[in-house]
Amino acid sequence: MAEYSTNLRVKLPVVCIVLEVILIILFGVLVEYDEETGAKKWHHKHSNDSDMENGFYYRYPSFQDVHVMIFIGFGFLMTFLQRYGFSSVGFNFLIAAFSLQWATLMQGFFHGMHGGKIHVGVESMINADFCTGSVLISFGAVLGKTSPVQMLVMAIFEVALFAVNEFILLEVLHAKDAGGSMTIHTFGAYFGLVVTRVLYRPNLSQSQKRNCSVYNSDLFAMIGTLFLWMFWPSFNSAITHLGDDQHRTALNTYYSLASCTLATFAFSALVNHEGKLDMVHIQNAALAGGVAIGTAGEMMLTPFGSMIVGFLAGTISVLGYKYLTPILESKLKIQDTCGVHNLHGMPGVLGAIVGSIAAATASTSIYGNGLQDVFPEISDHFTQTNQAVMQIVSLAVTLGMALIGGLIVGFILKLPIYGAPPDTLCFEDSVYWELPGEEETQHELTVVKLDEESEKLNS
Amino acid sequence: MAEYSTNLRVKLPVVCIVLEVILIILFGVLVEYDEETGAKKWHHKHSNDSDMENGFYYRYPSFQDVHVMIFIGFGFLMTFLQRYGFSSVGFNFLIAAFSLQWATLMQGFFHGMHGGKIHVGVESMINADFCTGSVLISFGAVLGKTSPVQMLVMAIFEVALFAVNEFILLEVLHAKDAGGSMTIHTFGAYFGLVVTRVLYRPNLSQSQKRNCSVYNSDLFAMIGTLFLWMFWPSFNSAITHLGDDQHRTALNTYYSLASCTLATFAFSALVNHEGKLDMVHIQNAALAGGVAIGTAGEMMLTPFGSMIVGFLAGTISVLGYKYLTPILESKLKIQDTCGVHNLHGMPGVLGAIVGSIAAATASTSIYGNGLQDVFPEISDHFTQTNQAVMQIVSLAVTLGMALIGGLIVGFILKLPIYGAPPDTLCFEDSVYWELPGEEETQHELTVVKLDEESEKLNS
Amino acid sequence: MAEYSTNLRVKLPVVCIVLEVILIILFGVLVEYDEETGAKKWHHKHSNDSDMENGFYYRYPSFQDVHVMIFIGFGFLMTFLQRYGFSSVGFNFLIAAFSLQWATLMQGFFHGMHGGKIHVGVESMINADFCTGSVLISFGAVLGKTSPVQMLVMAIFEVALFAVNEFILLEVLHAKDAGGSMTIHTFGAYFGLVVTRVLYRPNLSQSQKRNCSVYNSDLFAMIGTLFLWMFWPSFNSAITHLGDDQHRTALNTYYSLASCTLATFAFSALVNHEGKLDMVHIQNAALAGGVAIGTAGEMMLTPFGSMIVGFLAGTISVLGYKYLTPILESKLKIQDTCGVHNLHGMPGVLGAIVGSIAAATASTSIYGNGLQDVFPEISDHFTQTNQAVMQIVSLAVTLGMALIGGLIVGFILKLPIYGAPPDTLCFEDSVYWELPGEEETQHELTVVKLDEESEKLNS
């Protein structure tokens, strides 16, 4: 039964090397520097006096914050499992490093071609990191139950589907979704949920004792949570129009998250019989305010509106973890390790609806000449209702793409060729990692001494 | 004795929800976008060509560094306690998320009203985070001995008092304090010390065994320390005048901190009988250089002057931890968990004095036309002596506000209604948190085996 | 045998205080604000309208990323050892705080004097952090086997030699090395390797049981790895020419690192009999792509070229850890704790070669008017071959300086006066740190109970 082996000595190197070689060849053929990164192109238009106008200075700090969210934020958020820290942060690293390259090609192919070439610069870097975020959300749904090879295969398909969906939403339907409530969060969450449904393991309870946290793993996870929370204003504003748009998006997100955090603490204590807080809620639900303001963040939502959105998001997220997740697992056979439905799924849908409502009320009396930046279609030929409808249609398209895509990809991933762990060894690093021995502590010394004494006594 | 219960199932949700609803209503009534975040306002004055002039690009990177200091810096710095990591990082998160919203209103009310409305943008975000920092300093003094409800109540009052004190210093007395040696550190530290004095627990020794660190908790705390240390140059320079002022402030802070670090290592080894370093000193005293340069950082202190200030700050801070803290506890009954007197109190006072001295020597021969930016009052109608005196008066006002405010708030917090932990359960996460089980390790397995063997032997 | 004592109560304070006092005096005599940080100088040339042109806004975000790499990146990367976390992150902190001050003077002396004064601002801050990075690389080679006093002495010499080497490469040979493949990585690695060779400990096996990681220490190390990985694009681009150069450098580094990560995972699985991944490889080799693109990052390497470089770097780095490090130790007596030869040494040399090749192909047909920015000498009077040769000569000079310098400094450090640990206590925090007691856990309670029972049984 070689195909059931978790030994990846051949599979992982082959997949990684083949993928990277293909990427390198495609980059060689298709990718070139854009107007701001190519020496000749930039200097053709700019003197050295205008070097400071390069978009690098206006986008790169946002990019770096997003980058931290992808690698530290998602990576450490998932280290909450007691014996899956290496895999969480390590496979997150691998999947992200692959996805950002592949996303550059896919996104470039669908909406970044210039004369047959894909142009790259800081905006393509941000967009690629965004797409990667979506893949990592899906990874959260299947965490602990899959092999890295399986996740790379998932990423191949999911990145492509993400790019198609993004193209339909932004280019065909002219929807607005700067922070990705739909394109990133809703898509990633429901895609991952369907995949984990298809990969349903009836005997997962055999690994149940490892499907929980320990004290230090929860603290490591809080590193992820806080970097996601702090940098979410940068995430939502990273690719909005420059100027007031970017500034306003960061501000709205900041208020949404702050409000969401109070709701999270409130409902976490409320749903516990002893009034005790649950780390799972704090680690995850407090972030829902960033997800739910993703679409409408750049709009004139006001701090007041942002805080309401955040409060609602935190509330539904905690309630989801408490009451919905167990039902999803027992009734619908959806084993959602990180609860992405509560953090990304429902708040993403909420975000899409908020965006639609905000679009329905947009007008020059509120936006002045800024309407052109936020809603070019309304400024041009759409009515507000048109835009609002397009936002909702976009949500429907996203859900459809995620469900159908997840279904197909789920069945592809079900093939017994990827070295996935058996039911008894889920949530366990030692399947794929050389683990270090345990710390030499007083405990051990005592235990060893006791052991010897016991042996003596026994004999 | 329901009021002594630590069960927060009713109290915490009620307080959080009521506070957030009040905040949302007040934001709805009072807050609006400023000239740089409102679409109509911005586009009324600017074409799209000038989007890059938006203050977002000149302040937001500083804001993000400050934000990291507040949530990761303060949060993880306090995880040094062995069984209080969830509470340290979690309550820090809750208190900060509340305080930054409340501070926006209070600071806006005292010095940001425009036609009856509070204007918000990146500067209000930075100022709100600053005020939050002050509350978190006070939190450090009472860490482990209070409930989250108590801390939220403290934050309500402290934020308001902070805003009043800040108003008096900056608007009435025309003092300079860009990095907040007085407004943030001195105020937060002495306010917290008085609160902890009023909340004195004579039987705290019953929890003494938990009032210390373990190996990994000290490493988690170093994450907090280092992010505070690295981003302190951004903190002190975040709201100075643009241009050379901001640049100089970051530079001065960088040198002060570097020098402080060497002093910290030197005196930490010196005060130990075996010459061994103490993690408490490294985690805290190495930061005193950032506190002590808070007021004078934007002045022409020179790198030379900055390094002297840093060296002094590190020295008094280590000596404070070693010799003063035990005396404060035994003689003055001040139980200062994190030693905020050594990190924020004394270095804050030192910073105020340095600021006064630097003001006394300011002149156009040193500042040129830049005098207007740093000392508009001297440039206008003050003598240097006027300014220097106002700086010292500001320190006195700050100390007075902190002491009286802390006294009143301390007695309010002494009411037995907030679910504070009993003396036997201080510094203990399990009071307020659902704790995970322990890691399944070889230890346990061995122990269990031994247990069984022993039982057999016993029988 | 007082000189063999590891008690640092006298030595460490004396060295730290004397060094800092000397630094303060030298800064007082030699250092002054530059055109962008001095109030009078800046305002002499600029009105307040042009404050936004201050270099602070174009360099400071890069500086902060570099700063995080130095203190969190290097500091936590080295916490992988089970009982050396305090020392790794603590001594890294001390050495870096000293080195950045000393480097400011040394680099200023060799290439920053203006009328007898060293000018400081954000560029000197970045350069000083760069030089510090080189010292920390050498620290990685001798990690666990040296005292902090020894490391400060090493830093004194290494910083000076770094500045000389940098001066020769950049000013005399007109080499390009923006990201420091040669000046920082090659120099730091080979310097450290020679030092650790001279300090060879034949009986180090007595501490072998502590020369490895535990589960949580590997997770702490991943914090270091990821911050290094994420911010490496900022590192390589921090001091390039503004505009397209900086933008392109960040982009190239981003692709090199992504490609390197896939190579690392591939070869890590391949070289293990069971196909299991090794955390040492993931923590280190995945970063080699940043090192190897240090010299050529600013050149028109194309994303395609960058990915090839990254892939090669990851490959040689993993293979180095697996096959070369054991040989270096057994045959050449080089005990390289962190494997800096694999992460900085070989990839640094690769980077130098790539830089030379890229220089050999530079022309106006590729760079347009941008050639002046990247290769002023080619644009002026060099042929491409001249430049390419100068790049290789620079590598040779760097290797020579590192080997000879390391040899001399190694013998200085061999004097038995620095309080280095004995062979039996290497990789052990308790030599230099007050360690906290162990966590009060169920384990202990059980163990204690068992202990008592065993005693009873024994009696």
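Me: What makes residues of chain C count as in contact with chain B?
Reply: The test is heavy atoms within 4.5 Å. By that test, 84 residues of chain C are in contact with 84 residues of chain B. Bear in mind that this is a predicted model, where local features need pLDDT of at least 70 and side-chain atom pairs count only at pLDDT 80 or more, while totals for chains, interfaces and linings use all residues. Residues are numbered from 1 along each chain as its sequence is written, chains are lettered from A in the order in which they are written, and side-chain values use heavy atoms, with hydrogens and water left out.

Me: How do you know how much area chain C and chain B bury between them?
Reply: Buried area is the accessible area (1.4 Å probe) that two parts lose on being put together, summed over both. For this pair the value is about 7,400 Å², with 70% of it on carbon and sulfur atoms. On the side of chain C, R9(C), Y33(C) and F93(C) lose the most area to chain B, together 10% of what that side buries.

Me: Which kinds of polar pairing turn up between chain C and chain B?
Reply: There are 28 residue pairs in polar contact, both residues at pLDDT 80 or more. A polar contact is a pair of N or O atoms within 3.5 Å; within protein, one must be able to donate a hydrogen and the other to accept it, and residues adjacent in sequence count only if both atoms are side-chain atoms. Salt bridges between these two chains number zero.

Me: Why is the pair K45(A) and E35(A) called a salt bridge?
Reply: The rule asks for a side-chain nitrogen of Lys or Arg within 4 Å of a carboxyl oxygen of Asp or Glu. K45(A) and E35(A) meet at 3.3 Å, N to O, so the pair qualifies under that rule. Over all chains, the search finds 23 salt bridges.
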